[in-house]
Amino acid sequence: NVRVIPGPIPPPPEPPLLTPDQIYVTPSAAECWGPGSELVITTNTHFSADYQQVTVHSSDPSTGVVTLTEGLTYDFENPLSTMANDPRQAVEVALLDRRVLFEADDASDNDEIG
């Protein structure tokens, strides 16, 4: 189903002013990325080796602001894309770890099962 809404498209909300140790993501991503999460942030190049690996210090799902344990470094040859230097080019942010708990049934008499 498609719903047509007449009138101008409202602009997206302005991202908050950030410090070098913060990134702005969707609130749903900020909710999933808690303290200790490892992230990879790409640059605006096409080379897979151009990235920064960071650790989350804290996140605020209400604002979408994720604070890192260290500030991002700026490389003049392979800069990160930001709203300030290139509002049309987005970087990719990927979660490297996901906390998963495996539970097994240990009631079996078969030693090969558990």
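I take contact to mean heavy atoms within 4.5 Å, and with that in hand I looked up E92, which, once its neighbours within four places in sequence are left aside, is in contact with V40, I41 and T42. I note at the outset that the model is predicted.

**Entry: E92**

I placed E92 in the loop between strand 4 and strand 5. Buried or exposed, I asked of E92? I found E92 exposed, because its relative accessible area is 58%, and the cut-off for that label is over 50%. I then checked the distance to V40, which lies 52 residues away along the chain, and read 7.9 Å between the two C-alpha atoms.

**Entry: overall layout**

I counted 1 helix and 5 strands in the protein, and reading from the N terminus I wrote the order of elements as β-α-β-β-β-β. For the sheet I noted that the 5 strands form an open arrangement in the order 1-4-3-2-5, with antiparallel pairing. The edges are strand 1 and strand 5 (93-95), each of which pairs on one side only, and from one strand to the next the twist averages 40 degrees.

I also looked up the totals: of the 114 residues of the protein, 20% count as buried, and the accessible surface comes to about 9,200 Å², with 55% of that belonging to carbon and sulfur atoms. Among contacts with a separation of 6 or more, I found that residues 24 or more positions apart account for 54%.

**Entry: pairing within the sheet**

I went through the pairs of strands in turn. Strand 1 (residues 22-24) is joined to strand 4 by 3 bridges, and the two run antiparallel; in this pair I23 stands opposite V66 of strand 4. Strand 3 and strand 4, also antiparallel, are joined by 4 bridges, and here I recorded L68 in strand 4 as the bridge partner of V56. Strand 2 and strand 3 pair in the antiparallel sense over 5 bridges, in which E38 has T55 of strand 3 as its bridge partner and L39 has V54 of strand 3.

**Entry: strand 4 and its side chains**

Which way do the residues of strand 4 point, I asked? I found V65 and T67 pointing one way and V66 and L68 the other way, with all of them buried.

On L68 I listed contacts with D21, I23, V54, T55, V56 and H57, leaving aside neighbours within four places in sequence. On Q22, which is placed in strand 1, I found that the residue touches L17, V65, V66 and T67 when those up to four places away in sequence are not counted.

**Entry: the turn at G64**

I looked next at the hairpin formed by strand 3 and strand 4, which has 4 residues between the strands, and saw that G64 in the turn has a positive phi of about 80 degrees. The place of G64 is in the loop between strand 3 (51-60) and strand 4 (65-68). Why does G64 count as buried? I settled this from the relative accessibility of G64, which is 0%, since the label applies under 20%.

I then asked which residues are in contact with G64, beyond its neighbours within four places in sequence. I listed I23, Y24, V25, T26, P27 and A30. For A30 I also noted the separation: G64 and A30 are 34 residues apart in sequence, and their C-alpha atoms are 5.4 Å apart in space.

**Entry: the nonpolar core**

I finished with the largest nonpolar core, which has 11 residues in all, namely I23, V25, A29, A30, W33, L39, I41, V54, V56, V66 and L68. The elements giving two or more residues to this core are helix 1 (27-32), strand 2 (38-42), strand 3 and strand 4.

Technical notes. Residues are numbered from 1 along each chain as its sequence is written. This is a predicted model: local features need pLDDT of at least 70, side-chain atom pairs count only at pLDDT 80 or more; totals for chains, interfaces and linings use all residues. Side-chain values use heavy atoms; hydrogens and water are left out. Buried means under 20% relative accessible area, exposed over 50%, partly exposed in between (1.4 Å probe, protein chains only). Two strands pair if DSSP finds at least two bridges between them. A nonpolar core is a set of buried Ala, Val, Leu, Ile, Met, Phe, Trp, Tyr and Cys residues joined through side-chain atoms within 4.5 Å. Axes are lines fitted to C-alpha atoms, for helices over the stretch in contact, and angles run from 0 to 180 degrees between N-to-C directions. Accessible areas come from the Shrake-Rupley method with a 1.4 Å probe; for residues, only the protein chains shown count as cover.
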